[in-house]
Amino acid sequence: YWTPSVHLVRGGVQAAAPLLLGAVMAYAVNILMSMLESRLFPRGGRLSRAISLVLAYASLAAILALVVRMVLPELVQCVGLLAQQAAPVVEQLNQTLLDRNLGLDQILANYGTSLADGSVDWKQALETVGKWVGQSLSGVMGSVLTLLSAAVSTAFNLLVSFIFSIYLLLGKERLGRQCARVLRTYLPKKWYGGLMYVLNTVNGCFHRFVVGQCTEAVILGLLCMAGMLLLGFPYATMVGTLIGFTALIPVAGAYIGAGVGAFMIFTVSPVKALLFLLFIAVLQQLEGNLIYPRVVGASIGLPGVWVLAAVTVGGGVLGVVGMLLAVPLAAAAYQMLRDDVRRRSLPAEEVPEEDTSEA
């Protein structure tokens, strides 16, 4: 009974994946767009929403382009330098194989003897070579077609997600009113009030979490850059930018940037690469146990110990996605529990009314 239902739900989620990604994009961009709209157009206006939307997407695209522009050329240069350093090693290995002679002369001599006495089955040899070439070409063409198909599908899904996010952002008030009207019509008043309270609480926690996560990423990137400059590591500006960007992933993100940074420093000095990994390990412990709980935890109203617990449990259950979702969800549960305890402990006449405004 459950298997067809699970397959049906999974198929529906996969089909709606571009729309779900568009909704996530719209939610994240809406934070920046709302800030720009309130500060640049305090009186509103017809074009205020469209201009703020364009500026928000342009700002994010500019930041991404800046990160790629700073990281990619240096990474390509490091790969080229590593290849140049590896060329003499390969040449020396080749010379060593030739010096040891590894039986190649004997193999060639046997092959020449077989050609001389006519013992080679040319028909079978040609069939074997043709079969091998055919299989190789078939495998290569299949891999190329699969890669092209995946690339086209991914590009199309991203385009659909982008367009859907624009529609959501341009009509978010109208869409919110329509959803609220449907819920108000079909739900009892008490249920509607409770649901809107939960949605508003979760929305506020996610909003503050995104802002706090971006703030923490900037702090970590600056600390990494300053520490690398102080200790004399190469590529300090580029690696600091990369680690700050990857730190948008809670706790584990800095290690991703650290791996790329260590590879780049390794092309200059293997010893400095090891020292850099030690520096990142210390910095990550400082960030994970001190900076992250205080910055992100303070922004969402969740004590530091519960931030660490949420990241640990969420990462263990759902990996990186669990780390991203666990902290704001834990903050929302913490706030609702605190409100419920306060409401139950106050006299009836002092209990505040639940917020039933639209989420």
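**Exercise 1.** State the mean pLDDT of the protein chain and find which elements have the lowest and the highest mean pLDDT.

*Solution.* This is a predicted model, in which local features need pLDDT of at least 70 and side-chain atom pairs count only at pLDDT 80 or more, while totals for chains, interfaces and linings use all residues. Residues are numbered from 1 along each chain as its sequence is written, and side-chain values use heavy atoms, with hydrogens and water left out. The chain has a mean pLDDT (the predictor's confidence in each residue, from 0 to 100) of 78, and 75% of its residues reach 70 or more.

**Exercise 2.** Describe how helix α6 packs against helix α7.

*Solution.* Begin with the axes, which are lines fitted to C-alpha atoms over the stretch in contact, with angles running from 0 to 180 degrees between N-to-C directions: α6 (residues 172-186) and α7 (residues 189-231) pack at about 145 degrees, their axes 8 Å apart. Next, list the contacts (heavy atoms within 4.5 Å): Ala-180, Leu-183 and Arg-184 of α6 meet Tyr-192, Leu-195 and Met-196 of α7. By class, this contact has five nonpolar, no polar and one charged residues.

**Exercise 3.** Determine how many residues of helix α8 are buried.

*Solution.* With buried meaning under 20% relative accessible area, exposed over 50% and partly exposed in between (1.4 Å probe, protein chains only), nine of the 11 residues of α8 (residues 236-246) are buried, including Met-238. The C-alpha atom of Met-238 is separated by 9.9 Å from that of Val-68, a residue of helix α3 (residues 48-100); Val-68 is partly exposed because its relative accessible area is 41%.

Note on methods. Helices (H or I, at least four residues) and strands (E, at least two) are DSSP runs, numbered from the N terminus. Ala, Val, Leu, Ile, Met, Phe, Trp, Tyr, Cys and Pro count as nonpolar, Asp, Glu, Lys and Arg as charged, and the others, Gly among them, as polar.
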